[in-house]
Each structure stands twice: as structure tokens, then as C-alpha cells.
Amino acid sequence: MSEFQTASQAKQAQNTEGIPLTELSIFPATKAQIYESRKRTFTMWGRGVTLEEYLKRDARYGGHEVSADGRLVTWVLARRDDPKGIDFLCSCETYKREGFVVNANATTGNSVVAYSVAALFTSPRNRKKGYATHLMRMLHWILAPPDDLPQFPTEVWGNQPDRGKWIDSEQIIKGHGGDAVFSTLYSDVGPEIYRGCGFLPGAEGWVVTDFLSSGWDVDSVGVFGVDDEDGWEWLDIKGVYDYWKVDADLMKREMEESNPTNAICTLLPDKGVAEFQIIRLSYFWNPLGITDWGLRRGKTFASWTIDVRPDSSYVMLITRLRAEVDEFENLVKMLVKFGRRHKISHFEVWGLKEEFREQFGFVKTWNKDIHLPSIKCYNSDDLKWLFNERFCYC
């Protein structure tokens with residue numbers, strides 16, 4: 001998500017350059033507003049496709065498992081006296097997802113509701129006026145349980161959003177919001193701006209966590225000593241979809257067996273979440289003829305999607321990685337062999353274990369300056385986000 005222009009905007013309690021914030025509120029977008037929002041975002045995220053292709057792709061995503069049946073909602077910040085007009089100030093999306101939480105010193109966890117925030121966009125003529133900041137702040141009042149909310153600051157923001165007035169919404173909003181244990185987003189504008197988007201002016205919003213990325217190049221790893229027939233199983237899209245269910249259960253079990261001293265949480269890769277990473281980039285990997293999207297041997301496992309870099313080289317974005325230290329190098333060699341077959345030059349993985357980063361010389365690690373994973377907790381201030389990997393990016 002990349003929208004804000006300056007950190008000062010994140011500190012504004014009242015907009016002094018544009019429309020007073022008391023005259024604005026958050027609303028579920030109409031179909032016409034969704035279409036308008038997608039046309040606007042094309043200028044930033046079109047990445048070489050035509051507008052027609054971009055709109056068709058986004059419309060197709062609406063039927064995917066991560067989006068269907070009210071799991072995806074588009075929101076707009078609009079005038080209170082014109083909530084359905086296409087001259088709205090900015091827009092964003094929220095995805096309802098399954099999370100998992102294990103409380104401090106607990107040995108069993110609980111499935112919870114979480115949300116991922118995406119696609120924040122303001123047209124250039126409406127930027128630098130605090131609108132995006134305000135929309136992000138208002139989102140908390142949609143997502144969080146009512147009992148976890150403070151008193152709404154009507155003196156600076158007007159009346160609180162009223163879901164009861166949205167019964168004629170053109171999107172499915174029943175069951176979307178009011179139940180979040182935590183929400184996540186990925187910041188492309190550093191750690192401070194979204195942190196300044198809290199429930200109230202001056203309150204804390206989404207906090208950046210674990211922003212390390214690691215990777216290697218195809219020519220930096222030798223592949224001697226590994227064989228495709230040595231117990232490795234390549235997984236096509238159905239195979240990897242089925243294994244993500246197994247992986248999600250293993251993730252939960254690991255969390256429960258970790259005896260955490262602080263509460264921990266995660267999102268999960270099944271139910272279309274990790275699959276969406278493949279589908280959304282299909283325009284870029286289609287020329288490669290790839291049919292396998294996962295690899296496993298025993299509990300060792302990796303899944304991926306493929307993107308293209310500005311220099312037109314291909315990069316494997318590893319969406320999930322599970323391995324012990326004695327299996328990691330062999331897994332990497334298998335991925336590199338796959339890369340050589342499909343003209344993939346680079347490999348990148350988020351949240352790689354520290355022991356892998358330190359022990360294997362071919363692994364390079366850096367601090368990310370975009371896609372910074374950020375979390376907001378609604379009934380706890382100290383949830384630690386585990387398995388903070390590419391599978392749940394949005």
C-alpha cells in the first residue's frame with residue numbers, strides 16, 4: 001500500500017486544506033464507485049497491462065475464494081451528503097481472513113477473525129489533505145469489536161459511521177467487520193505513517209514488524225547432490241492447494257507447542273489465501289509455462305509465485321517455507337533447479353529463520369523499504385505476528 005505523501009498528514013486531527021472531516025465519512029462502495037476506484041488505481045498498479053485487461057482481472061478476482069461472499073469489501077471516503085457519488089475522496093479494500101491466536105503461557109489456540117487492508121488510493125488532486133489518513137482511521141471503527149472501541153470523537157470527525165444505514169449496500173457487508181482480533185497491511189511509505197492512523201487523533205495504528213527479506217540468485221547455488229526422484233514431490237495448483245490445508249494445521253500445532261511467554265498470532269495460507277498470490281500475478285508468469293507451485297518431502301515444504309522485476313528478469317517469491325536446518329540447503333537446490341528450467345534468476349523469501357540467514361553463505365538478507373508488514377491488535381497490545389511470510393500479502 002503506497003498512498004501517503006508526508007508524515008505530517010498522519011498527525012492531522014482535522015483537515016485544514018480541503019473538506020472538513022466532519023463532513024466526510026466511510027461508506028461501502030457502490031458498484032459504480034468500485035469501478036471508478038479500479039480505474040483510478042490502474043495508474044499506479046497497471047504494470048504493463050491495458051486498462052481493459054486490468055479491469056477484467058480485478059472483476060475476476062471478485063469471484064475468487066478470498067473475495068467471494070462478502071470476504072472482500074471496497075470502502076470509500078465520501079461526503080456525508082453524497083455517499084454514492086463517484087467523486088469520492090479515496091478508497092481502500094479489506095479482506096476478511098482466518099487468523100489463529102495462542103495466548104501467553106497457553107497450550108491451545110483459537111481461530112479468530114482478522115482482516116487484511118489493501119489498495120489504499122487517492123487521486124492526485126485530492127492528496128496532501130489528510131483524506132487517506134482519515135479513511136484508515138475510520139476503518140478501525142468498522143473492523144474492531146464495539147466493546148474495544150473508545151468514545152467516537154464527534155467534535156472533530158462528526159457522527160460515528162452507522163452500519164444500520166447501509167442495509168441497501170450493493171456489496172455483501174453483513175458479517176464483515178465488528179469482529180476483528182487484529183488487522184494487517186503492508187506499508188510502502190515507511191513505518192510511521194500508518195502507525196499514526198489509530199482510533200483517535202494521536203492514537204497508534206498499524207505497527208511495522210519483522211521487515212527482513214532474504215534471497216539468493218540462481219547462479220549462487222550449486223545443485224550437485226540433489227535428485228528430483230529422491231523423495232521430492234512437485235505440487236501442481238491442486239496439489240499445493242490441498243497441502244496448504246495440512247500446512248495450516250502444522251502452523252497451528254507449532255504455535256500451541258511453543259509455550260509462548262507472550263500472545264502470538266498468525267494468518268493462514270489455506271482457503272485461497274496463498275493461492276491468490278499465484279493468480280494475481282498470472283499475467284507475468286504465463287509465458288513461462290509453469291505448472292508446479294509447490295514442493296515437499298516429508299514436512300519440508302515450499303510454495304511460490306512468480307513475478308517480473310523492472311529489468312525484466314523473473315523472481316520466485318517464496319510464499320511459504322517450512323524446513324529444518326538439515327533440509328534447507330537441499331530444498332534451496334531443488335528450487336534453483338526449477339528456476340534454471342524456467343528462466344528464473346532470483347529467489348526471495350520473507351521471514352526466513354535466523355539460523356538459515358546466519359548459517360548459509362549464499363543467503364543474502366536486507367531490510368525491506370517497501371511492503372513493510374504492519375499489524376493492529378484490537379483486544380491486546382502485544383500480539384506477536386508469526387509466519388510473517390509472502391502468502392498473506394495483499
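Predicted model: local features only at pLDDT ≥ 70, side-chain atom pairs only at ≥ 80, totals over all residues.

Q: Next, helix packing. What describes two packed helices?

A: Two things: the angle between their axes and the distance between the axes. Axes here are lines fitted to C-alpha atoms, for helices over the stretch in contact, and angles run from 0 to 180 degrees between N-to-C directions. Helices (H or I, at least four residues) and strands (E, at least two) are DSSP runs, numbered from the N terminus. In this structure, helix H1 (residues 31-45) packs with helix H2 (residues 51-61) at an angle of about 120 degrees, and their axes are 10 Å apart.

Q: What do you call that orientation of H1 and H2?

A: Angles under 35 degrees count as roughly parallel, over 145 as roughly antiparallel, 65 to 115 as roughly perpendicular, and the rest as oblique. H1 and H2 are therefore oblique to each other. As for handedness, a crossing is left-handed if the near helix is turned anticlockwise from the far one by less than a right angle, and right-handed if clockwise. The crossing of H1 and H2 is right-handed.

Q: Which residues make the contact between H1 and H2?

A: Contact means heavy atoms within 4.5 Å. H1 brings Tyr35, Arg38, Lys39, Thr41, Phe42 and Trp45, while H2 brings Leu51, Tyr54, Leu55, Arg57, Asp58 and Ala59. To sort them, Ala, Val, Leu, Ile, Met, Phe, Trp, Tyr, Cys and Pro count as nonpolar, Asp, Glu, Lys and Arg as charged, and the others, Gly among them, as polar. The residues of this contact divide into 7 nonpolar, 1 polar and 4 charged.

Q: How about single residues? Where is Lys384, and what is it in contact with?

A: Look for the element, the accessibility and the partners. Lys384 sits in strand E16 (residues 384-385) and, at 42% relative accessibility, counts as partly exposed. Leaving aside neighbours within four places in sequence, Lys384 is in contact with Asp210, Ala263, Ile264 and Cys265. The C-alpha atoms of Lys384 and Ile264 are 4.6 Å apart, though 120 residues separate the two in sequence.

Q: Is Thr209 buried or exposed?

A: Thr209 counts as buried, at 18% relative accessibility. You'll find Thr209 in the loop between strand E6 (207-208) and strand E7 (212-217). With neighbours within four places in sequence left aside, its contacts are Pro373, Ile375, Trp385 and Asn388.

Q: Which helix holds Glu275, and what does Glu275 touch?

A: Glu275 is in helix H6 (residues 273-279) and counts as buried at 15% relative accessibility. Not counting residues up to four places away in sequence, Glu275 touches His64, Ile237, Tyr241 and Trp244. In helix H3 (residues 131-143) you'll see His134, which is buried with a relative accessible area of 1%. By the same exclusion, His134 touches Leu21, Leu24, Leu77 and Trp157.

Q: Last one, backbone angles. What is phi of Asn259?

A: Phi of Asn259 is near 50 degrees, a positive value in a residue other than glycine. Asn259 lies in the loop between helix H5 (237-257) and strand E9 (264-267). Ala119, in strand E4 (residues 110-122), also has a positive phi, near 60 degrees.

Conventions:
Residues numbered from 1 in each chain as written. Heavy atoms only, no water. Buried < 20%, exposed > 50% of the residue type's maximum accessible area, 1.4 Å probe, protein only.
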